[in-house]
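Here is a walk through a structure that may be new to you.

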Protein chains: 4
Amino acid sequence: MTTQPPPNADDAQLLASAVGQAMWARDNATQALGMTLGAIGPGTATMRMAVRRDMLNGHSICHGGFIFTLADSAFAYACNSYNLNAVASGCQIDFLAPAREGELLEAQATERAATGRTGVYDIAVRVLGGRQIALFRGKSHRIGGDVIAGLQPGA
Amino acid sequence: MTTQPPPNADDAQLLASAVGQAMWARDNATQALGMTLGAIGPGTATMRMAVRRDMLNGHSICHGGFIFTLADSAFAYACNSYNLNAVASGCQIDFLAPAREGELLEAQATERAATGRTGVYDIAVRVLGGRQIALFRGKSHRIGGDVIAGLQPGA
Amino acid sequence: MTTQPPPNADDAQLLASAVGQAMWARDNATQALGMTLGAIGPGTATMRMAVRRDMLNGHSICHGGFIFTLADSAFAYACNSYNLNAVASGCQIDFLAPAREGELLEAQATERAATGRTGVYDIAVRVLGGRQIALFRGKSHRIGGDVIAGLQPGA
Amino acid sequence: MTTQPPPNADDAQLLASAVGQAMWARDNATQALGMTLGAIGPGTATMRMAVRRDMLNGHSICHGGFIFTLADSAFAYACNSYNLNAVASGCQIDFLAPAREGELLEAQATERAATGRTGVYDIAVRVLGGRQIALFRGKSHRIGGDVIAGLQPGA
C-alpha cells in the first residue's frame with residue numbers, strides 16, 4: 001500500500017490527474033447528474049453542474065441535496081487525489097443563497113488539514129463567476145487500498 | 001400570514017398531511033429520485049428511497065450526496081409541516097456505514113427544538129429494518145409565507 | 001487491551017461508575033469550572049454547571065465556549081464509560097437561547113451510534129428543569145488503551 | 001441602527017479597533033482565561049491563550065472546551081467588528097492534534113461569507129508558529145443594536 005504522497009510537484013499532479021480519470025470512469029452518480037470535472041490536483045478539485053428542472057424542490061429552487069452532492073463530489077476527488085482510498089466520515093454545509101434552474105454551479109475543493117488518515121477539506125460552491133451558494137466542510141478518512149491498484153506514486 | 005401552530009393535535013395532523021400532499025405535487029427532485037413520503041405529522045416526516053445504480057460512486061457504494069438528499073427531503077417535509085414556509089440554513093451529516101445498490105433506505109425526521117423562526121431537526125437514515133447509515137442534523141429558518149396559501153391552521 | 005463492552009447491564013453500570021470516578025479524580029478542567037458529575041452509565045452521562053460571573057461575555061450572557069465545554073465534558077464521560085480511551089474528533093453545537101449568571105445548566109449525553117472505533121453522541125443542555133440552551137453533537141474516536149489500566153470489563 | 005459597513009478601509013479599521021476595545025473592557029470570560037486580543041479588523045480577529053494546568057482534562061491534554069472557547073472568542077470579535085451586535089447561532093469544530101500545558105495557542109478568524117444578517121467565519125487554531133490544533137467554523141446572526149451605542153460608522 002502506498003503510504004506517502006509522491007516526492008515532487010509534477011509527479012503529484014500527474015498522479016492526481018490519473019486518479020481523477022480512473023474515478024470518473026466508474027462514477028455513475030456524478031455522470032448521471034451531468035457534472036463535469038474541471039480540474040484536479042494534489043488535494044484539490046473543481047466540479048461543475050447545471051441546475052436542471054428535475055433538481056428543483058417544492059419552493060422551485062435547487063434542492064439542497066444536489067448542491068451538497070456537487071460539493072461532496074469535488075471533495076471526493078480532492079481527498080482521493082493522492083491515490084489513497086478515502087471516504088467522507090462527516091460533512092457540514094451552510095446554505096447562503098438559493099440556486100435557480102439553468103444556473104451553472106462550480107464547487108472548488110481545497111485541503112485544509114491532513115493528519116494521519118484524516119483530512120479536512122473546504123468546498124465553496126458558487127454560481128460560475130457569481131454569488132456564493134454554499135460553504136461545505138468535509139472530513140475524510142483513509143480506508144486502505146489505492147484508487148488505481150498497483151500504480152506507484154511518482155511512477 | 002399564519003403565525004402559530006394550530007390549536008389541537010388532530011388539526012395539526014390534518015394540516016401536516018395537506019402540506020405534505022401540496023409539497024409533493026410540486027417537488028420534482030424527490031420524485032425524480034424515486035423517493036416516497038411514508039408519513040408526515042407536526043414536526044415529523046418519514047421518507048424512503050431505494051439505492052439505484054445511477055446513485056453509486058467510484059467505490060461502488062451509494063454516493064453520500066444521495067443519502068444526504070434523502071435526509072434533507074425528510075427534513076424539509078418535517079420543518080414545513082406547520083404550513084409556514086421554511087428552508088434549510090445549515091446541515092451536518094455523519095456517515096456510519098455504506099449503503100449498497102438495491103437497498104431500501106428510510107429517513108425519519110424528528111423536531112428537537114423550535115424557537116422563533118428557527119428549528120433544529122434530527123434525521124436518522126437506516127436500511128429499512130436494519131443498520132444505521134447516517135445521522136443528519138438540520139437547522140431550518142422560516143422565510144415568511146404559507147406552503148398552502150390561504151389555508152387557515154385548524155380549518 | 002479491552003475490546004468489547006462487558007457482558008451484562010449490571011457490570012456495564014459498575015464499570016461506567018468506576019470509570020467516572022477515575023476520570024473525575026484527574027480532571028482539573030471540569031473541577032475548576034465548578035462542574036458536578038450527576039450520573040454516568042454505559043454510553044450516558046449528566047453534568048451540571050452554574051453560570052458564574054467570570055463566564056459572561058461582552059453581551060453579559062454566558063460565553064458560548066462554557067456552554068460548549070459543559071456539553072463536551074458530558075460527552076467525554078459518556079464516550080469513555082466503557083473503559084476504552086476515546087477522544088472527541090469533531091463537535092457541532094447549535095445555540096438556542098442565552099444562559100444568564102446564576103443559572104444552573106444541565107447537560108445530558110446520549111449515545112446515538114457506535115461502530116468500530118467511532119461513536120456519535122447527542123448532548124442536550126438545559127437550564128435545570130427549564131428551557132433548552134443548546135444542542136451538541138459529538139463524534140468520538142477510540143485511541144487505544146483503557147481509562148483504568150488493567151481493569152477487566154465485568155470484573 | 002447602523003445598517004451598512006463604513007465606506008472606506010481606514011474608517012472600517014478604526015471602527016473595528018474601537019469595537020474591540022469596548023468589547024474587551026466588559027468581557028469577563030476571555031480575561032479570566034488569560035486570553036489576549038492580538039489584532040482586530042473588519043471581519044477578522046486574532047486571539048491567543050496559553051494552556052494552563054486548570055485547562056487539562058483526564059487525558060492530561062487541553063480540554064477541547066477551552067480550544068473551542070478560544071476560537072469562539074476570536075469569532076465573536078471578528079463578527080462584531082462592524083459595530084453591529086452579532087451572536088453565534090451555531091459552530092462546528094474539528095480537533096486535529098492535542099494541545100499541551102504551557103503551549104501558546106493562536107486563533108485566527110476570517111470572514112467567509114456575509115449575507116443579510118448572517119455571517120460565516122473560519123477560525124484556525126495553531127500552536128504559535130507551529131502545528132494546527134483545530135479548525136472551527138461559526139455562523140453568526142445579527143440581533144440588532146450597536147456594540148458601541150451611538151457610534152456612527154466611519155465617524
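Leaving aside its neighbours within four places in sequence, which residues is C:L151 in contact with? They are C:A18, C:N83 and C:D146, where contact means that the C-beta atoms, placed from the backbone, lie within 7 Å.

Before going on, a word on the ground rules: this is a predicted model, so local features need pLDDT of at least 70 and side-chain atom pairs count only at pLDDT 80 or more, while totals for chains, interfaces and linings use all residues. Residues are numbered from 1 along each chain as its sequence is written, and chains are lettered from A and ligands numbered from 1 in the order in which they are written.

Back to C:L151, which sits in the segment after β6 (132-142) of chain C. Helices and strands here are DSSP runs (H or I over at least four residues for helices, E over at least two for strands), numbered from the N terminus. C:L151 counts as partly exposed because it has 15 C-beta neighbours inside 10 Å; the cut-offs are 20 or more for buried, 12 or fewer for exposed, and partly exposed in between, with C-beta atoms placed from the backbone. Between C:L151 and C:A50 there are 34 Å in space, C-alpha to C-alpha, and 101 residues in sequence.

**Chain A as a whole**

Chain A has three helices and six strands, and from the N terminus on they run α-α-β-β-α-β-β-β-β. Its C-alpha atoms fill a box of roughly 50 × 25 × 25 Å along the principal axes. Of its 155 residues, 48% count as buried. Among contacts in chain A with a separation of 6 or more, 69% are between residues 24 or more positions apart.

What order do the strands of the open sheet follow? There are 12 of them, and they go β1(A)-β2(A)-β4(A)-β5(A)-β6(A)-β3(A)-β3(B)-β6(B)-β5(B)-β4(B)-β2(B)-β1(B), with antiparallel pairing. Two strands pair if DSSP finds at least two bridges between them. β1 (36-41) of chain A and β1 (36-41) of chain B stand at the edges with a single partner strand each, so one side of each is left without a neighbour in the sheet.

**Where A and B meet**

The contact takes 31 residues from each of the two chains, B and A. On the side of chain B that touches chain A, α2 (28-32), α3 (64-79) and β3 (86-95) of chain B each supply at least two residues. β3(B) gives the most, with nine residues.

How are the two chains related?
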